Amino acid sequence: MQVLKIRENARNVEEISWQIARAKKMVVVTGAGISTSSGIPDFRSKGGLYEMIKDKFPNEKVTGQQLFDKSYLNNEKIRKMFYTFMGELYSLTTAAVPTMAHRFFKRLADQKKIIHYYTQNIDNLEAAVNLDAVQLHGTMSEVYCDMCKLTVQFTEMHAEVFKKGFPPQCNECQQREATRQASGKRKHRIGDLQPNITLYNDIDDTTRGAYIQNCVKNDLRKKIDYLLIAGTSLKVHGVKNLIRQLAKSVHHNGGKVVLVNLSGVGKEWNTVFDYQILADVDEWAGLVEEHTGLDKTQKVLTGLANKTSKSVNVSISKGCVKRRRKDRDQDRENAGSNNDNNKKKALKRSKVEVLDVVETLQ
Ligand SMILES: [Zn+2]
């Protein structure tokens, strides 16, 4: 692995820009570093969201990780903190704007270079530039019902309830319950709406995992020729595995694996990355466009890409997105078959809930 800096290693950095311009089947994985200039403050910084929540709950001792851990949500006070945090975070993400990095990846996608764009970010800023994203940890743009599993758009109205420390109730469940009661049937619980994000120790969250695995399988089949990782210091176990798997495939196909991030990563990555560029992702993205004229020659390059790749990869990418929306419940049932006993138990619970819904509709 070669460690490069934009100014000191200008020639190598420019060579990488040209590699990107030539790549045809890229996979991109992004993290918090691409959203730093969007207006969303770092959770842990002074005056950041975490500090603000702690001020509201001065007697509670909870770490950032515990706040995002489903097993801690059984504690009433932590649950209240979590929901307040989610309400505030929603308002921050809706006020944020996409960065230079988001626009850069959108341009690469428009040129049919990207097979899949994965992100660890839950801010959904990709949607603001119409960039299809596989959201590894979910999104703050949706809430789902923990009873009937209905997923709807996260709105300011939901955020206002969350900010008071409670989850909003599901309209669908409320309507169904009203019908049940009118016909004299026994009472069912009305579901709570939860932000559609991945929490630590969430054994019920099997749908997202199955969907991501499906996308990765497609990538491995498509002989990807470039892996670009941006704005992450690779702390999350699942993401580390994803990158190792994809990098192996890229190297097998003779391609390159590049990390762009402000801070460096450890020696464990020496054989995974070919290059590590120590830079702000926005600044680096601007440089690639300057080197290669990617932004100015979009139409020409798109035309060329269409002739050579016939957009096969893009249709797979879109297929994945479609599948996620249509088959959410089907995935929830299928995904359990290869998992451990805990997950099977969770799946049984979710099946019971689905059956309850079916029952109420009859
Ligand atoms: Zn519901």
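Visitor: What is the bridge partner of Y118 in β4?

Guide: In β4, Y118 is bridged to V134. Strands here are DSSP runs of E with at least two residues, helices are runs of H or I with at least four, and both are numbered from the N terminus. This is a predicted model, where local features need pLDDT of at least 70, side-chain atom pairs count only at pLDDT 80 or more, and totals for chains, interfaces and linings use all residues. Residues are numbered from 1 along each chain as its sequence is written.

Visitor: What makes β3 and β4 a pair?

Guide: Two strands pair if DSSP finds at least two bridges between them. β3 and β4 have two bridges, in the parallel sense, so they pass the cut-off of at least two.

Visitor: And how many bridges join β2 to β3?

Guide: Five, and those strands also run parallel. One of the links has V28 partnered with Y117 in β3.

Visitor: How many residues of β3 are buried?

Guide: Six of its six, along residues 114-119, so "mostly covered" is the description. Buried takes 20 or more other C-beta atoms within 10 Å of a residue's own, exposed takes 12 or fewer, and partly exposed is in between, with C-beta atoms placed from the backbone.

Visitor: Why is C145 called buried?

Guide: C145 has 23 C-beta neighbours inside 10 Å, and the definition asks for 20 or more, so C145 is buried. C145 belongs to strand β5.

Visitor: Why does C170 count as buried?

Guide: C170 has 24 C-beta neighbours inside 10 Å, so it clears the cut-off of 20. C170 lies in the loop between α7 (156-163) and α8 (171-182).

Visitor: What does UniProt list for C145, C148, C170 and C173?

Guide: An unreviewed entry gives them as "binding site". They are spread over 29 residues of sequence but cluster in space, with a largest C-alpha distance of 8.6 Å. UniProt positions use the numbering here, feature names are shortened, and annotations may be inferred rather than shown by experiment.

Visitor: Why is H137 called partly exposed?

Guide: H137 has 19 other C-beta atoms within 10 Å; that falls between 12 and 20, so H137 is partly exposed. UniProt's unreviewed entry places "active site" at H137, in the loop between β4 (134-135) and β5 (138-145). Not counting residues up to four places away in sequence, H137 touches Q120, I122, I197 and T198.

Methods
Two residues are in contact if their C-beta atoms, placed from the backbone, lie within 7 Å.
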